[in-house]
Amino acid sequence: MSSESSAAPAASSVSASGDTIFGRILRGEIPCDAVYSDELCLAFRDVAPQAPVHVLVIPREPIAQLAEATPEHQALLGHLLLVAAQVAQQEGLSSWRTVINSGAEAGQTVFHLHVHVLGGRPLAWPPG
Ligand code: AMP
């Protein structure tokens with residue numbers, strides 16, 4: 001049975017230290033269902049999947065959102081996309097969507113940069 005869910009998770013606020021739930025996952029303080037890990041990033045299944053495959057790829061460096069990335073992050077950002085493609089193929093997908101929400105009005109709820117990898121069902125366009 002699919003674990004697909006339409007329920008939006010509660011917004012994850014950023015703590016006073018700037019930490020987020022993804023920081024806690026990276027430090028091993030809370031569990032995740034990891035599908036890929038290397039020295040620069042971690043990929044794990046979204047807790048509220050919006051498609052049969054829904055994986056998040058996050059940098060180990062806590063960049064809050066894409067809007068805060070700088071030219072120094074160029075190689076890291078490219079790496080995240082290459083890992084996203086690798087994970088999608090590892091999951092058996094031949095078509096998939098990558099999404100980066102940057103900012104609350106764009107739907108960002110966790111302020112630690114992440115690439116969504118979604119697939120396993122037809123995906124409508126434009127997104128809502
Ligand atoms: P966004 O709305 O683009 O900021 O995406 C944040 C994503 O993080 C959402 O799809 C959530 O379902 C997901 N999420 C929040 N907490 C967790 C968690 N503990 N483990 C896995 N995914 C999570």
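Modeller: What follows starts at the ligand and then moves to the elements around it.

This is a predicted model, in which local features need pLDDT of at least 70 and side-chain atom pairs count only at pLDDT 80 or more, while totals for chains, interfaces and linings use all residues. Residues are numbered from 1 along each chain as its sequence is written, and side-chain values use heavy atoms, with hydrogens and water left out.

The ligand is surrounded by 17 residues, the closest being Asp 46, Asn 101, Gly 107, Thr 109 and His 116. By type, the shell holds nine nonpolar, six polar and two charged residues. In this division Ala, Val, Leu, Ile, Met, Phe, Trp, Tyr, Cys and Pro are nonpolar, Asp, Glu, Lys and Arg are charged, and the others, Gly among them, are polar.

Next come the polar contacts, meaning pairs of N or O atoms within 3.5 Å; within protein, one atom must be able to donate a hydrogen and the other to accept it, and residues adjacent in sequence count only if both atoms are side-chain atoms. The side chain of Asp 46 places an N or O atom 2.5 Å from an oxygen atom of the ligand. An N or O atom in the side chain of Asn 101 is 2.8 Å from an oxygen atom of the ligand. Val 47 takes part through its backbone, where a polar atom is 3.1 Å from a nitrogen atom of the ligand. The ligand taken alone exposes 500 Å², and the protein buries 90% of that; these areas come from the Shrake-Rupley method with a 1.4 Å probe, and for residues only the protein chains shown count as cover.

The largest share, three residues, comes from α1. Helices (H or I, at least four residues) and strands (E, at least two) are DSSP runs numbered from the N terminus. The protein chain has two helices and five strands, in the order α-β-β-β-α-β-β from the N terminus on.

Strand β2 is joined to β1 (residues 34-37) by three bridges, and the two run antiparallel; strands count as paired if DSSP finds at least two bridges between them. Together β1 and β2 form a hairpin with three residues between them. Within this pairing, Tyr 36 stands opposite Ala 43 in β2.

The structure holds one aromatic pair. It is edge-to-face because the rings of Phe 22 and Phe 44 have their planes at 80°, with centres 5.5 Å apart. Rings of Phe, Tyr and Trp (its six-membered ring) pair if their centres lie within 6.5 Å; planes under 30 degrees apart count as stacked, over 60 as edge-to-face and the rest as tilted. The pair links distant parts of the chain, with Phe 22 in helix α1 and Phe 44 in strand β2, 22 residues apart. Both Phe 22 and Phe 44 are buried, where buried means under 20% relative accessible area, exposed over 50% and partly exposed in between (1.4 Å probe, protein chains only). Of the 128 residues of the protein chain, 37% count as buried.

Definitions and conventions:
A residue is near a molecule or strand if one of its heavy atoms lies within 4 Å of it.
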